[in-house]
Amino acid sequence: MRINPKKVNKFIQIMLNVQAFFTVGILIVIVALILVKGIGNINLEFLFSFPEDMGRHGGIYPTIIGTIMLVILSILFATPLGVGTAIFLTEYTKETILTKIIRFGVESLAGIPSILYGLFGFIFFVIKLKMGWSILSGVLTIAIMILPTIIRTSEEAIKAVPKNFRIVSYSLGATKWETVIKVVLPSATPGILTGIMLSVGRAVGETAAVIFTMGSSLRLPTSIMDSGRTMAVHFYILAREGISMEKAYATALVLVLSILLINIVAYYTMNKVVSRFS
Amino acid sequence: MVHMNRWVSIREKIVKNTLTVFALSSLLFLFLIFIFILIEGLPLFLKVGLKNIIFGFKWAPTKGYFGIFPMIISSFLVTFGALIIGAPLGLSCAIYLAEYSGKRLKMILKPALELLAGIPSVVYGFLGVIYIVPIVREYLGGSGFSLISTSIVLGIMILPTIISISFDSIMSVPRSYREGSYAMGATKWQTIFKVVLPAARSGILASFILGMGRAIGETMAVIMIAGNALKIPTNITDPLRTLTGNIALELAYATGDHRLGLFSTGIVLLIIIMALNYLANFGIKRRI
């Protein structure tokens, strides 16, 4: 018997529909589970009070501060390096063997899993440079980890700026750097911000690279040489050591909501860029 | 006005040199990562012997045994398990998004799937422990902390990678290929299966390899679900320990040779990851 191609076609279409919605369903289920189980335990007190008894009671205030310190400082460190690299690769050189090697380096950094960043940060910053388990060690490790994302998104954003913007600037007598600063970068800013936001999201959710460099002290950090605990690390410890399921869900909810919010803002900015130049 | 102000030309030079240094910093970081993991990990290979580490079955670092063979096998097992679950699902999603979904649906589905990538691995691990481990324990037996549970969670975690790269490579197949196929009287599925997918195959393959890279490098979710037992699993319900898990579980307290052993584990992981990335880049470059 010959199978009717039209029937196969219809069948496949239905199957693909089912699979696509199943996959989206997984996302919805993940967020919904955390929302439902976590929402009851979240209030202002949870966000702004100190944990007691290893996190069994009380809030997550020091971990929020730890997360914010880690994220802001690593972005401050990685952004100039990343955007600078992107400017160099797009504006200052032609495709040469050097740019090929640099691109290879960036690709390789992007592929290294976070546990190896943790291993490197631990031996290099914590032990060899004697920074100890500190926010500084964590910041430097995470900055290197997010660098490839910032470089690649900035490069895309800079490449998307139309060529005649630059030609007009040069024809008015501007130098290369003036053109980059006053013409190219302002137009590429939303795209660069997208890369930064995506990196923020990654840093907020990171655990493996953070726990071995920044440590997991629950005290409120007062300087960058103090150890500190991020929300992700706190959640991991709560869940793994079975300290408190309620607090774990609540922490997970704060974590996931902040990451989703950050990423949604990132995609919104990216779409604005795409619609602007196309 | 014709000749440039002296200060301006000096400034341009400084800027260019600074940017060059910035661009070289990525290479410096990569170099440092390699060097420091190698410096710590290599001496043990010389002391204990390559064979006794790579093909050794016993991991008892405080007693001088550094065999990571079961972990290498376990890492590959969970990675292939993840691929068996993630690849068909991810590819179907990519085909659906690229060929079947309307524009408006695509606008919602694509970012939603990419958000799946933003959820931290500890959250996947936690939900795996709470929901998947008990189901496996109930229906398949064992403790539930197992190869199959880990594969399911990793399979879900690599979906965004597979979907987004497969999607891009399907979208980059020229329209004329499809029109040619329709003109011959082929149905939509025949066109996709016989024309579009073969044309996009190197990109799709690259998406699978990158997915594997993500799965084999994944740590936190894995140590929460895998059970971390030190032997080669013989059954899908057996617990196992991966290379990443070995590092993460012991780094905090390891000293002396024990710590060096974790860096040796790191070297093996680094080599596997670099090889996978190289393969994937090769696939992406060959994409039409």
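Ala, Val, Leu, Ile, Met, Phe, Trp, Tyr, Cys and Pro count here as nonpolar, Asp, Glu, Lys and Arg as charged, and the others, Gly among them, as polar. On that scheme, the lining of the second largest pocket has 18 nonpolar, two polar and no charged residues. This is a predicted model, where local features need pLDDT of at least 70, side-chain atom pairs count only at pLDDT 80 or more, and totals for chains, interfaces and linings use all residues. Residues are numbered from 1 along each chain as its sequence is written, chains are lettered from A and ligands numbered from 1 in the order in which they are written, and side-chain values use heavy atoms, with hydrogens and water left out.

Chain A first. Its secondary structure comes to 11 helices and two strands (DSSP runs numbered from the N terminus, H or I of at least four residues for helices and E of at least two for strands). Along the sequence the order is α-α-β-β-α-α-α-α-α-α-α-α-α, and the C-alpha trace of chain A spans about 75 × 65 × 35 Å along its principal axes.

A pocket is an open set of points on a 1 Å grid over the protein atoms alone where a 1.4 Å probe fits, with protein on both sides within 12 Å along at least five of seven lines; lining residues have an atom within 4 Å of a point. Of the 20 lining residues, I26(A), Y131(B), I132(B), I152(B) and I156(B) are the closest to the centre of the second largest pocket. Two or more residues each come from helix 1 (5-38) of chain A and from helix 3 (69-100), helix 5 (121-140) and helix 6 (147-157) of chain B. Helix 5 of chain B gives the largest share, eight residues.

Helix 1 of chain A also packs on helix 4 (residues 103-116) of chain B, at about 55° with the axes 10 Å apart. Axes are lines fitted to C-alpha atoms, for helices over the stretch in contact, and angles run from 0 to 180 degrees between N-to-C directions. The two helices are therefore oblique to each other: angles under 35 degrees count as roughly parallel, over 145 as roughly antiparallel, 65 to 115 as roughly perpendicular and the rest as oblique. In this contact (heavy atoms within 4.5 Å), F21(A), T23(A), V24(A), L27(A) and I30(A) meet L105(B), L109(B), A112(B), L113(B), L115(B) and L116(B). By class that makes 10 nonpolar, one polar and no charged.

Helix 9 (residues 188-199) of chain B packs against helix 1 of chain A at about 80°, axes 8 Å apart, so the pair is roughly perpendicular. Here P5(A), V8(A), N9(A) and I12(A) meet K188(B), W189(B) and Q190(B), a set of four nonpolar, two polar and one charged.

Within chain B, the axes of helix 7 (residues 159-171) and helix 10 (residues 201-217) come within 8 Å and cross at roughly 165°, which means that helix 7 of chain B is roughly antiparallel to helix 10 of chain B.
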